[in-house]
Amino acid sequence: MNHSLIKNLFYCPVKSLSFNESTLLKINKESGILNDRIFAFTRGLDKNSALNFNNSKIRNLNYFLTLKNTPDLKKYNFIFDENRNIIILYLKNQKLLEVNINNKKEIFELEKFIETNIKEIKKPIFFINNKTSPFFDTTPEISISLINLNSIKDLENKMNTNIHYERFRGNILIDHLPAWEEFNLINKTIQIGKVQFLVNSKIPRCSATNVNPDNSKIDMNLPNSLLKLYNHKDMGIYLKPLNSGKISTRDFIEVL
């Protein structure tokens, strides 16, 4: 893996509901990727419970609004403008709403828009944000995901179908490593640019990966296919940052 170049970098400002590409990501040792999963929507909780849910470091994933429980959300994307504290909601390339995260009236309008326009949504929903304790699946642990595109290609070949990498929503994508070789990095330290990471674990996959990124339809069962073909449901690895810094698509990855 020494001298392997990063192919793509992504972050998701709104948990599960956005997937935005960047050539550079800022890494904070205490909170992960800057602006990654710092926003989320709760579902089925009252306002006070949603606020307590936000402030807790242990969160039940069933109370998040996600692609797993609401596949129709895949049609939408959120862009966060940090300089203006603005979230912009898009349907494909069409701008639907522009919301200041500090404006309660605008946030209320966003919540009601989603409740009204998304199919089969469990109400009520509330917008929450937390920059110091983002909404990772691994909370209270910090997690950054790395996906080996060659592992996806191996799965494609065995299933005889195309599988878009966006289904796995990885932060860091690489393609210079043999398929599944990333699992041999568990418990090792790697360096990307000047940032070091501990490779924590494999990433178990759920039904959210079954949603087609292009049309929001559920068109395959990837966890089941992984289990049948490889005897596990994993794709990718979790990284824990050991120091703060920046990583970019010009950086190489080294095993220390």
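This is a predicted model: local features need pLDDT of at least 70, side-chain atom pairs count only at pLDDT 80 or more; totals for chains, interfaces and linings use all residues.
Residues are numbered from 1 along each chain as its sequence is written, and side-chain values use heavy atoms, with hydrogens and water left out.

Q: In what order do the three strands of the open sheet stand?
A: Strands (E, at least two residues) and helices (H or I, at least four) are DSSP runs, numbered from the N terminus. Two strands pair if DSSP finds at least two bridges between them. The edge strands, E6 (76–81) and E8 (94–100), each pair on one side only. The pairing is antiparallel, and the order is E6-E7-E8.

Q: Which residue of E7 stands opposite Tyr76?
A: E6 and E7 (residues 86–91) pair in the antiparallel sense over six bridges. In E7, the residue opposite Tyr76 is Leu91.

Q: Which residue takes a positive phi in the hairpin of E7 and E8?
A: E7 and E8 run antiparallel and are joined by six bridges; Tyr90 stands opposite Lys95 in E8. Two residues lie between the strands of this hairpin. The positive phi, near 55 degrees, belongs to Lys92.

Q: At about what angle to E8 does helix H2 run?
A: Axes are lines fitted to C-alpha atoms, for helices over the stretch in contact (heavy atoms within 4.5 Å). Angles run from 0 to 180 degrees between N-to-C directions. Helix H2 (residues 104–117) lies across E6, E7 and E8, and its angle to E8 is about 140 degrees.

Q: How much space lies in the largest cavity?
A: On a 1 Å grid over the protein atoms alone, a cavity is a set of points where a 1.4 Å probe fits but cannot get out; lining residues have an atom within 4 Å of a point. Grid points are joined across faces, edges and corners, and a volume is the space filled by probe spheres set on the points. The whole structure holds one cavity of 30 Å³ or more. Among the lining residues of the largest cavity are Leu67, Lys74 and Glu166, and its space is about 40 Å³.

Definitions and conventions
On a 1 Å grid over the protein atoms alone, a cavity is a set of points where a 1.4 Å probe fits but cannot get out, and a pocket is an open set with protein on both sides within 12 Å along at least five of seven lines; lining residues have an atom within 4 Å of a point.
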